Amino acid sequence: MYSTDPAGLITLLASGFLVGLSKTAIPGLGMLSIPLSAMVLPAKASTGVVLVMLICGDIFAVAYYRRNAVWSHLLRLFPYALAGIVIGYFLLGRIDDVQLRQVIGLIILFMLGLNLWWKKHNKKEDVNIPSQWWFAAFTGLLAGITTMLANAAGPIMIIYLLAMGLPKKEFIGTGAWYFFLGNLIK
């Protein structure tokens, strides 16, 4: 068990609060919980702590949106996401906490860049996000690796689900089930 000072405990509580907010109101906010936890705990331990927080939030999301998932989109994505989780698992076994902290930082920067790109190009009609099988393979694999290493697959999944053209409730329900099942598998 890791012992932290009061400031560390407050930081972990703030991390948990951000996870809760990300599951209910502000989706991207959960990414802040990852580096906050890694500031207080060793990187590998912090990903486990954040994972437990995410699963708690996922339970509420799935309970509320349990009937709104579009399973065909999930079934197309899951084989590749599982492969990505396995790759991420083996990568975790080969790196130490210092290296993982750097990987988490790079993944967060990549996700922020992806989010900025999406916001810039999303309003234009000429953006053509593919919906073919290889798009599910690529996003599933990338989401699996990033979620295993840093619990940070949110922006990738948002782009995938938006590309599928889902209505609001199905978008949220499908995402909720993806994260719940993916986090349980991890």
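Trainee: What share of the contacts in the protein with a separation of 6 or more comes from residues 24 or more positions apart?

Mentor: Such residues account for 80% of those contacts. Please keep in mind that this is a predicted model.

Trainee: Which secondary structure elements does the protein have?

Mentor: The protein has eight helices and zero strands. Along the sequence, the pattern reads α-α-α-α-α-α-α-α.

Trainee: What makes the protein as compact as a globular protein of its length?

Mentor: One sets its radius of gyration against the globule rule. The rule gives 16 Å for 186 residues, and the radius of gyration of the protein is 16 Å, so the protein is as compact as a globular protein of that length. Along the principal axes, its C-alpha atoms fill a box of roughly 50 × 35 × 30 Å.

Trainee: How much of the protein counts as buried, and how much area does the protein expose?

Mentor: Of the 186 residues, 46% count as buried. The protein exposes about 10400 Å², and carbon and sulfur atoms supply 70% of that area.

Trainee: Why is T139 called buried?

Mentor: Buried means under 20% relative accessible area. The value for T139 is 4%, and therefore T139 counts as buried. This residue has its place in helix α6. Leaving aside neighbours within four places in sequence, T139 is in contact with L77, I156 and Y160.

Trainee: Why are V50 and S22 called buried as well?

Mentor: The reasoning rests on the cut-off of 20%. V50, in helix α3, has a relative accessible area of 1% and is therefore buried. S22, in helix α1, has 12%, so S22 is buried too. Apart from neighbours within four places in sequence, V50 is in contact with S15, S33, I34, S37 and N151. For S22, a polar atom of the side chain lies 2.7 Å from the backbone oxygen of V19.

Trainee: What makes the rings of W134 and F135 an edge-to-face pair?

Mentor: Two tests apply. Ring centres must lie within 6.5 Å, and planes over 60 degrees apart count as edge-to-face. By this rule the count comes to eight aromatic pairs. The centres of the W134 and F135 rings are 6.4 Å apart and their planes stand at 90°, so this pair is edge-to-face. Elsewhere, ring pairs link W71, W177 and F180 into a cluster.

Trainee: Which residues does Y178 touch?

Mentor: Not counting residues up to four places away in sequence, Y178 touches L74, L77, F78, A81, A143, G144 and M157.

Note on methods: Residues are numbered from 1 along each chain as its sequence is written. Side-chain values use heavy atoms; hydrogens and water are left out. Rings of Phe, Tyr and Trp (its six-membered ring) pair if their centres lie within 6.5 Å; planes under 30 degrees apart count as stacked, over 60 as edge-to-face and the rest as tilted. Contact means heavy atoms within 4.5 Å. Helices (H or I, at least four residues) and strands (E, at least two) are DSSP runs, numbered from the N terminus. Buried means under 20% relative accessible area, exposed over 50%, partly exposed in between (1.4 Å probe, protein chains only). A polar contact is a pair of N or O atoms within 3.5 Å; within protein, one must be able to donate a hydrogen and the other to accept it, and residues adjacent in sequence count only if both atoms are side-chain atoms. The radius of gyration is taken over C-alpha atoms; the globule rule is 2.2 Å times the number of residues to the power 0.38. Accessible areas come from the Shrake-Rupley method with a 1.4 Å probe; for residues, only the protein chains shown count as cover.
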